[in-house]
Amino acid sequence: MTPKERWLAAIHMQPVDRLPFWPKLSASYAPAQAEPFRGMTLDALHNWMGSDRHGWVGTGLREVRTTTRLETAERDGVHTTFYHTPHGDLRLVQRFDAASQSWHPVEFPVKTRGDLAVMTAFWRDVRIEVDAAGLAAAREQCRRAGGDQLLGVGIGESPLMQWVEWLAGIENAHYLLADHPDEVEELFAAIHAGLVRKAQVMAEKNPADVFYMTENTSTTLISPDQFRRHCLRHLTEYGRILDAAGRPLVLHMCGHLKALLPDLAKVPARAFEAFTSPTLGNTTLLDGRTHCPHTCLIGGTNAMLWTRPAAEIIARIQADLDVLPHHRGLVVTSAGVMPPLCRPDTIREVCEWVKAHPARMQ
């Protein structure tokens, strides 16, 4: 099987020639390594490790606005997003973290009840259209990749999780949702309408192999009841749109999921990605297979495990595989981003073990 064939078979719960393996390497990984790895591209590192690669393409969409405007500015490690509307302006401020090579929000745009109306007006104004140049670029990337890697595309993040992570921040998000539920629900409806449109257009036009909702779901951020009242119905709608078009939905969820598994089993998603084991997460592969028997599990480890010697990592993976009824619908990954503390030779040793492991397909 090619890496792409192996990935797609696992996502569709079909037999594979061996278990797929994918270490999630971010921009922070290579700079933390010794030479020659420090100077390698991520593609070169994946090739050296023997990874079943997973890449990304653009959406092929653009947002068109009539009365509102999105503006961004970056200076001295500070990235500011301005939301301009006839009702007022809001801003999101992010700072760059060199160690993780990523941006983190330090000021959220929605702070008051009045800000809710502004943000709702911003989301209601958006119109989703096809970006012909972006779509052509995505098609060309898929053509060049061939069977060498699985290519995914992100649709976005469902309203509640976007609200908590990017629009209001964890604490204020829950206060405003409790104090002004109707206004927050209006914002959710506006965000949801845009995501539905994105899912519809992308299901028809985008050439990616799999379609992601980047949820970052965790019961450390939201409650199971909030998931049922908000996320479940939204995710179900996106999943039905993609399923009707024969396009696989993958939910990226990197937190505590154990209390949500019975509800997640109802979502028409083909796979859960970044499925994180204890102690960073709280879901073992057996938990996932027991509650979600028809869903591919992409992950199965955690960042702390990858700071241990290769023999310990292998022993833990083997123990978790041994208790499963079968190994269909399984992709072994670092779950979240691979910690730079894990050396490339450790990853390659684990990769070689996973590839040689006698997977049970029945």
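**Entry 1: Glu-273**

I started with the surroundings of Glu-273. Leaving aside neighbours within four places in sequence, I found Glu-273 in contact (heavy atoms within 4.5 Å) with Trp-22, Lys-24, Tyr-212, Val-250, Leu-251, His-252, Met-253, Ile-298 and Ala-335. A note for anyone joining me: this is a predicted model, where local features need pLDDT of at least 70, side-chain atom pairs count only at pLDDT 80 or more, and totals for chains, interfaces and linings use all residues. Residues are numbered from 1 along each chain as its sequence is written, and side-chain values use heavy atoms, with hydrogens and water left out.

Is Glu-273 buried or exposed? I read a relative accessible area of 2%, so Glu-273 is buried; buried means under 20% relative accessible area, exposed over 50% and partly exposed in between, with a 1.4 Å probe and protein chains only. Glu-273 belongs to strand S12. Strands (E, at least two residues) and helices (H or I, at least four) are DSSP runs, numbered from the N terminus.

I also looked up the side chain. Glu-273 and His-252 are joined there by a polar contact of 2.5 Å. A polar contact is a pair of N or O atoms within 3.5 Å; within protein, one must be able to donate a hydrogen and the other to accept it, and residues adjacent in sequence count only if both atoms are side-chain atoms.

**Entry 2: the sheet around S12**

Next I followed strand S12 (residues 271-275) to strand S13 (residues 296-299); the two run parallel and are joined by four bridges. Across from Glu-273 I found Ile-298 in S13. Two strands pair if DSSP finds at least two bridges between them.

In which order do the eight strands of the open sheet come? I noted S1-S14-S13-S12-S11-S10-S9-S2, with parallel pairing. Strand S1 (21-22) and strand S2 (53-56) are the edge strands, and each pairs on one side only.

I moved to Thr-214, which lies in strand S10. Thr-214 has 35% relative accessibility, so I put it down as partly exposed. Beyond its neighbours within four places in sequence, Thr-214 touches Gly-156, Glu-157 and His-252. From Thr-214 to Ile-155 I counted 59 residues in sequence, yet they are 7.7 Å apart in space, C-alpha to C-alpha.

Where is Asn-206? I found Asn-206 in the loop between H7 and strand S10 (210-214). Asn-206 is buried, at a relative accessible area of 2%. A polar atom of the Asn-206 side chain lies 3.0 Å from the backbone oxygen of Thr-59. Leaving aside neighbours within four places, the residues in contact with Asn-206 include Val-57, Gly-58, Gly-60 and Arg-247.

I then turned to strand S5 (residues 78-85). Seven of its eight residues are buried, so S5 is largely enclosed by the rest of the structure. Strand S4 (residues 69-75) pairs with S5 in the antiparallel sense over seven bridges, and Ala-73 stands opposite Thr-80 in S5. Two residues lie between the strands in this hairpin of S4 and S5, where I saw Asp-76 take a positive phi near 50°.

How many bridges pair S5 with strand S6 (residues 88-97)? I noted eight, again in the antiparallel sense. A hairpin through two residues joins S5 to S6, and Thr-85 faces Gly-88 in S6.

**Entry 3: nonpolar cores**

Which residues have the most contacts inside the largest nonpolar core? They are Trp-163 and Leu-251, in a core of 90 residues. H7 gives the most to this core, with 11 residues. I also found a second, separate core of 15 residues, Trp-22, Val-210, Ile-298 and Met-361 among them. A nonpolar core is a set of buried Ala, Val, Leu, Ile, Met, Phe, Trp, Tyr and Cys residues joined through side-chain atoms within 4.5 Å.

**Entry 4: charges over rings**

Last, I looked for charges over rings (NZ of Lys or CZ of Arg within 6 Å of the ring centre and within 35 degrees of the ring normal). The charged end of Arg-65 sits over the ring of Phe-122, 3.6 Å from its centre. Arg-348 lies over the face of Trp-48, 3.7 Å from the ring centre. I also checked Phe-122 itself, which is buried with a relative accessible area of 2%.
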